[in-house]
Amino acid sequence: MSRPDRRDLGLLALRVGTGAVLAAHGTQKLAGWFGGGGIAGTTAAMEAMGFHPPKHSAVAAGLGEAGGGALLALGLATPAAGAAAAGAAAAGAMAGAVAVHAPAGFFAQGGGYEYPAFLGFTAAAIGLAGPGRYSLDHATRHVFDRPWTVALAFVGSAVAAAAVVGRRARGRRAVIYPDTT
């Protein structure tokens, strides 16, 4: 075995750290762990934020974060995991979170989108860069980490994020400007 490569160790640390944060965030939504609201609380929050249907949105966000985070930490199906974590559905779950926090500005201190944007960009970057040598993708000879999966994962995640954010925007407009005809 060759000596450890600093880049591979760096990717391992970044993958595990980011994946663990995302997985913990997702389990708050799904199971109520770590002080989260579980499905019921997340559904209520999704409804209050204008996501419809709220329960489907809650489950999708929780699965995108928990599942994408766990896969990212393991380095398994890394492009799909990075896209799922970024988006949630890496480009999808966090895109929805950014849309919710955007009216409050950039910085998290004021309720802005800084934190979800950072998680989304980090997960997306890992998905694009690859998992490194210390990963299940490497151990399985990258069977779930093919070049075409990168494009497919990120396009799919972008389409899902656009649909979720667009549906939310239409729902919010209908509340603000109800059809009185």
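## Helix α1, end to end

The expected span of a helix is 1.5 Å times one less than its number of residues. Helices here are DSSP runs of H or I with at least four residues, strands are runs of E with at least two, and both are numbered from the N terminus. In this predicted model, helix α1 covers residues 6-31, and its 26 residues reach 36 Å from first C-alpha to last, close to the 38 Å expected at 1.5 Å a residue.

Just after the helix, G32 adopts a positive phi of about 75°.

## How the model is read

Residues are numbered from 1 along each chain as its sequence is written, and side-chain values use heavy atoms, leaving out hydrogens and water. As this is a predicted model, local features need pLDDT of at least 70 and side-chain atom pairs count only at pLDDT 80 or more, while totals for chains, interfaces and linings use all residues.

The pLDDT, the predictor's confidence in each residue from 0 to 100, averages 83 over the chain, and 82% of the residues score at least 70. Over residues 88-92 the value is below 50, yet this stretch has 31 contacts in the model beyond near neighbours in sequence; a contact means heavy atoms within 4.5 Å.

## The chain as a whole

You will find 8 helices and 0 strands here. Of the chain's 181 residues, 36% count as buried.

## The nonpolar core

A nonpolar core is a set of buried Ala, Val, Leu, Ile, Met, Phe, Trp, Tyr and Cys residues joined through side-chain atoms within 4.5 Å. The largest one has 6 residues: L22, L72, A81, L119, A123 and I126. Helix α6 (residues 114-129) gives the largest share of this core, with 3 residues. Leaving aside neighbours within four places in sequence, A81 is in contact with G68, L71, L72 and L76.

S57 sits in helix α3, which spans residues 54-74. Why does S57 count as buried? Because its relative accessible area is 14%. Not counting residues up to four places away in sequence, S57 touches M46, F51 and H52.

Terms used:
Buried means under 20% relative accessible area, exposed over 50%, partly exposed in between (1.4 Å probe, protein chains only).
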